[in-house]
2 protein chains.
Amino acid sequence: MNLPNALTYSHTLLSEVVGPGATVVDATVGQGHDTIFLANLVGKTGRVIGFDIQQAALDETQQQLQLTGLGQPVELHATGHEHVAEYLTADEPVTAAIFNLGYLPGGDKSVITRPETTLAAVKALLPHLPRGGRIILVVYAGHPGGATERNAVVDFCQALPQKTYQVLRYGFINQVHTPPFLLAIERR
Amino acid sequence: MNLPNALTYSHTLLSEVVGPGATVVDATVGQGHDTIFLANLVGKTGRVIGFDIQQAALDETQQQLQLTGLGQPVELHATGHEHVAEYLTADEPVTAAIFNLGYLPGGDKSVITRPETTLAAVKALLPHLPRGGRIILVVYAGHPGGATERNAVVDFCQALPQKTYQVLRYGFINQVHTPPFLLAIERR
């Protein structure tokens, strides 16, 4: 048993609240790890809404979903996550959403998540969170532009009203190479 | 399921690594909550070494241990935790240690943990940590002197060599009244 890193812990926090039939959002599909993890949790009766602006990433993920037989609950959208509300009905509860900020490993490192669109997506998701619902952000800050996004996201989270939300920060603090840390917004 | 606060999470992190027969340290006995929790984990064949400079706190804890039948593995010392090494043999492994920094709730608020003695105790414990062993600090910073201790402890932890240790920081970031956060030093 070792202390899990931010990425591993994000899956623990998702699995604690997401069950069969839930609607969830993968805001940054990338290589599809979270999409597949979420598809397993929600099962055939659930709904996983995935976003990525890189079509190639979505194509690869779609392939993996077909190979693993997990495609049914998943819809992938080649658009920015700031449009998430367009894919939800007005009062549709979203049990959890996951963001992996930064760039796609192995992809074009100039394509990065950006503070304006990241925060627009988070703000669009907040009204859909039921009590106990969670928005999880795995925050990378080591790349160009990363520190700006980190600061914007942390500032936003620190200002969320504590009567309605609690925001957890989880991460290792003695590592030289800016490891990712995790933010979890939970609706009370 | 709600995100646990620092105090609750400290017990999760202890229970993940402490089992029957282990030697553990409660560096700040106070009301004895951690002492009793640890005594349950290590059982009759384990060893819980507790420290508090306030004799009244130890007396109350001793009473509770007797009432609950958990006294056997516990030894309580009315001295500062910076003397912990004197109660350990040279190569005795300490699976876990817990510090609750600040003052004793309901006690004399001028009696607080202090950065010099807190860090002396942590430094004395580090050589006794086996692989996977954990030193956990629940850090309160809202009282006079608290911010100074918090800064000293965080600085110390950030400088621990990452090849030998990983240090987790866990806490809520959107609460107005300086809630405690947790630091967990784990030997790799």
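Among contacts in chain A (heavy atoms within 4.5 Å) between residues at least 6 apart in sequence, 73% join residues at least 24 apart. The model is predicted: local features require pLDDT of at least 70 and side-chain atom pairs count only at pLDDT 80 or more, whereas totals for chains, interfaces and linings use all residues. Residues are numbered from 1 along each chain as its sequence is written, chains are lettered from A and ligands numbered from 1 in the order in which they are written, and side-chain values use heavy atoms, with hydrogens and water left out.

Chain A contains five helices and seven strands, assigned as DSSP runs numbered from the N terminus (helices H or I, at least four residues; strands E, at least two). From the N terminus on, these elements follow the order α-β-α-β-α-β-β-α-β-α-β-β. The radius of gyration of chain A, taken over C-alpha atoms, is 15 Å, close to the 16 Å that the globule rule gives for 188 residues, so chain A is as compact as a globular protein of that length. The globule rule is 2.2 Å times the number of residues to the power 0.38. Along the principal axes, the C-alpha atoms of chain A fill a box of roughly 40 × 40 × 40 Å.

Of the 188 residues of chain A, 54% count as buried, where buried means under 20% relative accessible area, exposed over 50% and partly exposed in between (1.4 Å probe, protein chains only). The accessible surface of chain A comes to about 8200 Å², with 53% belonging to carbon and sulfur atoms; areas come from the Shrake-Rupley method with a 1.4 Å probe, and for residues only the protein chains shown count as cover. Chain A carries 12 positive and 16 negative side chains, and the centres of the two sets lie 10 Å apart. Lys and Arg count as positive and Asp and Glu as negative, while His and the chain ends are not counted; the place of a charge is NZ of Lys, CZ of Arg, CG of Asp or CD of Glu.

Chain A is superposed on chain B by a rotation of 180° with 0.0 Å of shift along its axis (RMSD 0.0 Å). This is the relation of a two-fold axis. The C-alpha of Tyr170(A) is the nearest to the axis in chain A, at 2.3 Å. The same surface serves both copies, as 100% of the contact residues of chain A recur in chain B. Superposition is by least squares on the C-alpha atoms of residues with pLDDT of at least 70 in both copies.

Helix α2 of chain A (residues 33-42) has seven of its ten residues buried, so this helix is largely enclosed by the rest of the structure. The buried residues of α2(A) are Asp34(A), Thr35(A), Ile36(A), Leu38(A), Ala39(A), Leu41(A) and Val42(A). Their cover includes α1 (6-17), β1 (23-26), β2 (47-51), α3 (55-68), β3 (74-77) and β4 (96-100) of chain A. Just after α2(A), Gly43(A) takes a positive phi of about 70°.

A positive phi, near 25°, also occurs at Thr178(A), a residue other than glycine. Thr178(A) lies in the loop between β6 (165-172) and β7 (181-187) of chain A and is partly exposed, with a relative accessible area of 38%.

In chain B, Thr118(B) belongs to helix α4 (residues 115-125) and is buried, at 0% relative accessibility. Beyond its neighbours within four places in sequence, Thr118(B) contacts residues including His81(B), Phe99(B), Leu101(B) and Val153(B). Thr118(B) and Val153(B) are 35 residues apart in sequence and 8.1 Å apart in space, C-alpha to C-alpha.
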